[in-house]
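Here is a quick briefing to read alongside the coordinates. Have the structure open and follow along.

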2 protein chains.
Amino acid sequence: MAIHGGAGPDSDYIKQNMQGYEDGLKEAVMTGYKVLEAGGSAVDAVEASVNYLENNLLFNAGRGSAINHKGEVEMDASIMDGEKIKAGAVSMVKNVKNPVSLARYIMNNTNHVMLSDHGALELAKDEDIELEADAYFINSHQYDLFIEERDKKSTQELLKQRIHGTVGAVAMDENGNVAAATSTGGLTNSLGGRIGDSCIIGGGTYANNKTCAVSGTGDGEFLINGVIAHSIASVIEYTQSTLQEACDLVIHEKNKHVEGDIGVISVNANGDIGISFNSERMHRAWMSTDVPLQVKIYN
Amino acid sequence: MAIHGGAGPDSDYIKQNMQGYEDGLKEAVMTGYKVLEAGGSAVDAVEASVNYLENNLLFNAGRGSAINHKGEVEMDASIMDGEKIKAGAVSMVKNVKNPVSLARYIMNNTNHVMLSDHGALELAKDEDIELEADAYFINSHQYDLFIEERDKKSTQELLKQRIHGTVGAVAMDENGNVAAATSTGGLTNSLGGRIGDSCIIGGGTYANNKTCAVSGTGDGEFLINGVIAHSIASVIEYTQSTLQEACDLVIHEKNKHVEGDIGVISVNANGDIGISFNSERMHRAWMSTDVPLQVKIYN
């Protein structure tokens with residue numbers, strides 16, 4: 001089981017809240033791991049870990065999401081079941097407490113993969129998926145960032161912004177099934193309607209028992225153009241690489257031209273864990289039957 | 001150069017309009033091919049072909065789009081440049097005459113890949129991208145289908161629907177650069193907010209000079225879960241398969257469990273063309289310096 005809380009540059013806010021981040025990362029991976037120990041599925045475990053991070057104010061997903069250019073919180077999330085090779089995703093959803101759980105509902109109960117905006121919200125209302133008021137999602141740090149950025153940039157400048165800030169989880173269960181999930185609140189002062197990698201199957205999330213499960217983070221557009229999550233699965237499918245080698249190959253070799261941050265966590269059906277990133281930091285934690293709990297933020 | 005006008009089951013409407021479809025497919029491929037002959041880029045050519053199909057009332061993209069459950073036209077499109085390995089996409093966009101051209105604008109002029117709904121429309125307005133009134137997009141055939149379907153299905157039944165109806169193009173230019181583009185009007189009576197494969201990089205559209213350019217069509221959810229377009233590129237990257245073998249492997253072998261329609265057109269930097277589908281029909285046409293114009297609808 002591995003989880004991440006985003007990759008990118010360091011910041012004063014991260015340094016000031018180091019203990020909170022470390023506690024949150026630890027709790028997130030333990031939450032999913034306990035689900036696995038109790039016999040839960042990989043899908044159950046990644047949902048539980050991501051729910052924990054969505055509910056934690058320090059992480060940019062669910063509660064604590066970034067505030068976009070319109071002063072609104074719009075969230076993206078996705079989940080994929082590596083046994084059934086089936087995914088669910090939501091984009092630009094508002095008011096849903098746990099976007100990844102709505103993505104799971106879509107995966108399990110519909111023939112759609114991806115629902116957006118009002119369509120996703122209507123489904124959540126119809127199916128009694130937990131909603132919260134707009135105010136629930138806001139924290140004062142994100143509000144301060146929004147106020148600081150709001151009047152600085154023209155639309156043209158907004159269109160040039162790189163965007164990151166994500167949480168995610170990957171897990172392998174006792175039946176050897178793998179799953180991946182990713183969730184995000186987007187970027188401070190981003191253009192309304194911008195969709196990032198966190199809801200793109202193949203880009204930010206992918207899972208297939210035959211290869212691996214991957215959750216990505218970083219500057220979303222590079223994860224989409226590089227089809228990063230599925231690229232790692234393809235390396236596993238067609239070469240003799242280990243999971244760690246496949247992650248390193250895709251992040252540091254195949255995408256070394258990328259002038260931005262990309263990072264991934266991954267597991268395979270043997271329970272191996274692969275983690276790779278090219279940024280200053282990637283908030284992350286992992287543990288398995290072989291590896292005791294690890295919590296790291298920097299290289 | 002190859003183009004498609006969607007894969008799926010046969011219908012009386014198709015039979016009754018055979019001549020119109022054949023003329024449209026021929027004109028679409030010729031439109032892009034003329035761009036290439038005049039020294040235009042692969043990106044220019046796929047945009048020109050898809051624009052033609054978006055403007056043709058018989059095809060479900062741009063004008064002639066399907067009408068969703070709310071009685072609205074929401075369109076998805078994407079484009080990818082195989083030289084720069086860079087993409088642009090729009091989802092759930094209204095009133096934009098040629099969604100693929102807005103996707104190209106996003107690819108060329110922003111650091112975003114994907115914009116949705118109001119965000120995409122606002123950008124189109126700001127940048128003087130051609131808009132049309134709601135009524136422009138409606139044709140009487142799509143309206144009849146909408147009226148027939150509208151009151152038949154509950155939300156739960158809508159969520160079980162399989163969705164298809166797409167146009168797309170792939171091209172290789174005189175510099176050996178490849179590109180792919182896909183555009184769709186969605187499905188009659190679909191839930192508002194449903195996003196299909198046509199705007200998903202890796203799923204419905206992918207291009208990379210080192211491997212190939214692919215545009216997919218069929219039941220969109222299978223193209224997303226199977227990351228179909230990028231899967232074909234991965235077969236080319238890691239095996240000795242020809243482009244046609246790679247398309248057949250992904251459609252007929254790796255996804256033979258899929259209970260739905262999937263089809264692809266593809267080109268590589270040598271100018272080879274690969275076409276494969278598992279459905280009753282895929283509207284398609286292709287031509288190259290080696291192959292005279294071909295127009296086909298059935299197997």
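In E7(B), Leu115(A) finds its bridge partner in Arg194(B). That contact belongs to an antiparallel pairing of E4(A) with strand E7 (residues 194-195) of chain B, joined by 2 bridges. Strands count as paired if DSSP finds at least two bridges between them, and the element names refer to DSSP runs numbered from the N terminus, with helices (H or I) of at least four residues and strands (E) of at least two.

This is a predicted model, where local features need pLDDT of at least 70, side-chain atom pairs count only at pLDDT 80 or more, and totals for chains, interfaces and linings use all residues. Residues are numbered from 1 along each chain as its sequence is written, chains are lettered from A and ligands numbered from 1 in the order in which they are written, and side-chain values use heavy atoms, leaving out hydrogens and water.

**Sheets that take in both chains**

- One open sheet has 9 strands with mixed pairing, in the order E13(A)-E12(A)-E1(A)-E5(A)-E6(A)-E2(A)-E3(A)-E4(A)-E7(B).
- Its edges are strand E13 (294-298) of chain A and E7 of chain B; each has a single partner strand, so one side of each has no neighbour in the sheet.
- Within chain A, strand E2 (residues 75-81) and E3(A) pair in the antiparallel sense over 6 bridges, and Met75(A) stands opposite Val93(A) in E3(A).
- Another open sheet of 9 strands, also with mixed pairing, runs E7(A)-E4(B)-E3(B)-E2(B)-E6(B)-E5(B)-E1(B)-E12(B)-E13(B).
- Here E7 of chain A and strand E13 (294-298) of chain B stand at the edges, each with a single partner strand, so one side of each is left without a neighbour in the sheet.
- Strand E12 (residues 281-286) of chain B runs antiparallel to E13(B), with 4 bridges between them; Arg284(B) stands opposite Lys296(B) in E13(B).

**The interface**

- In contact terms (heavy atoms within 4.5 Å), 53 residues of chain A touch 53 residues of chain B.
- About 4,100 Å² is buried between chain A and chain B, 54% of it on carbon and sulfur atoms; buried area is the accessible area (1.4 Å probe) that two parts lose on being put together, summed over both.
- On the chain A side, Asn111(A), Asn225(A) and Tyr238(A) lose the most area to chain B, together 17% of what that side buries.
- Chain A and chain B share 4 salt bridges, each a side-chain nitrogen of Lys or Arg within 4 Å of a carboxyl oxygen of Asp or Glu.
- Lys254(A) and Glu237(B) meet through their side chains in a salt bridge, at 2.4 Å from N to O.
- The elements giving two or more residues to the chain A side include strand E3 (86-93), helix H4 (99-109), helix H5 (117-126) and helix H9 (228-238) of chain A.

**Strand E10 of chain A**

- Strand E9 (residues 213-218) of chain A runs antiparallel to E10(A), joined by 6 bridges, and Gly216(A) has Val264(A) as its bridge partner.
- E10(A) also runs antiparallel to strand E11 (residues 273-277) of chain A, with 5 bridges; Gly263(A) is partnered there by Phe277(A).
- The hairpin of E10(A) and E11(A) has 5 residues between the strands, and Gly271(A) takes a positive phi near 85°.
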